[in-house]
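Let's take a short tour of a protein model, stopping at a few spots along the way. Have a look at the structure first, then read on.

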Amino acid sequence: MKKYAVMTDSTCDIPQELAQKYGIDILSFTIMLDGKEYSEREDLTPDRFYELLDAAQGMPTTAQITPMTFEEKFAAYDAAGVEELLYVAINSGGSSTYNNALFAAAEYGDAHPDSRMRISIVDSHTYSMGYGRFVIRAAEKLAAGAEMADVGDYLKAGFAQVEIVLSVHSLKIIKRSGRISAAAAFAGELMGLRPVITLIQGETRVVQKVRGDAKMLPALTAYMKAHAGERSPYMVGATKGASDRHGDARQLSRLCEEAMGYPPECIFRLGAAVTSNTGTDAVALVYLTGDES
């Protein structure tokens with residue numbers, strides 16, 4: 001079996017224990033907040049970032065992973081004898097990281113024409129465990145002896161079916177991040193509205209507004225029930241703020257299990273890169289619109 005390696009980036013929100021179990025190399029995004037730089041997962045745990053963001057004076061920003069970082073990684077794996085390298089990227093519509101990886105791979109190939117390492121780069125078109133889950137599955141398949149081309153086809157088919165639906169208790173960060181218009185966010189604050197936002201094939205839109213926290217989780221559950229494929233696996237994501245103050249992860253898991261007839265595949269934490277755009281009062285569902293191949 002060919003020697004392989006699997007890489008992704010820190011927006012994937014793969015729990016660290018699973019990354020270690022499957023040997024997944026996660027490249028860190030840089031988060032800038034109040035004049036300081038942090039490397040996600042290296043300098044920041046989710047808990048620490050929630051604390052920093054709640055106390056921050058300014059807005060967080062994220063820096064793309066550079067071509068130089070990718071070339072350094074490619075060189076290290078090549079020197080280690082890796083023959084097949086897979087990198088699964090954050091949605092290319094929201095970050096230049098995917099294109100940076102493509103550029104770096106082309107540059108590395110030109111500079112090392114005798115390299116035997118093949119680099120496969122896949123655009124997830126999504127965020128968080130919307131692609132993190134598939135990176136784990138890809139690592140499982142490769143460990144079982146699957147061909148890289150077949151794994152690439154599996155990923156592309158899977159990403160075409162991934163949907164995320166999310167909401168927030170506070171519009172402060174999501175308003176300033178530009179995910180919904182400032183006018184809509186301001187009206188929502190005055191009226192106590194909570195947006196139900198979908199992310200499908202890299203596109204975000206507000207599909208519903210519900211009044212008050214009590215209606216938010218049932219609305220997310222109903223949306224997933226109406227749009228998920230039959231027996232689709234699903235996952236519940238939440239921030240510490242949401243879990244502590246509102247018990248969202250527990251409540252949403254219970255509501256979804258009642259609606260779908262089976263429990264979530266996992267409950268995961270939203271990381272710093274995602275929370276930079278949603279704030280620390282976010283909750284999300286990740287599911288598929290069809291059957292998993």
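## A buried glutamine

A residue counts as buried when its relative accessible area is under 20%, and as exposed when that area is over 50%, with partly exposed in between. Keep in mind that this is a predicted model.

Now try glutamine 161: its relative accessible area is 18%, so it is buried. You'll find glutamine 161 in the loop between α6 (148-159) and β8 (162-168). What is glutamine 161 in contact with, leaving aside its neighbours within four places in sequence? The partners are Tyr287, Leu288, Thr289, Gly290 and Asp291.

## A helix with a buried side

Next up is helix α4, which covers residues 97-111.

Which residues of α4 are buried? They are Thr97, Tyr98, Asn100, Ala101, Ala104, Ala105 and Tyr108. These cover an arc of only 155 degrees around the axis, so they sit on the same side of α4. As for what they pack against, the buried residues of α4 meet β1 (4-9), α3 (67-79), β6 (84-89) and β7 (118-123).

## A partly exposed isoleucine

Last stop: isoleucine 200, which belongs to strand β9 (residues 193-200). Its relative accessible area is 27%, so isoleucine 200 is partly exposed.

Isoleucine 200 and valine 165 are 35 residues apart along the chain, and 8.8 Å separates their C-alpha atoms.

Methods: Residues numbered from 1 in each chain as written. Predicted model: local features only at pLDDT ≥ 70, side-chain atom pairs only at ≥ 80, totals over all residues. Heavy atoms only, no water. Helix = DSSP H or I, 4+ residues; strand = E, 2+ residues; numbered from the N terminus. Buried < 20%, exposed > 50% of the residue type's maximum accessible area, 1.4 Å probe, protein only. Expected span 1.5 Å × (residues − 1). Arc of directions from axis to C-beta. Contact = heavy atoms within 4.5 Å.
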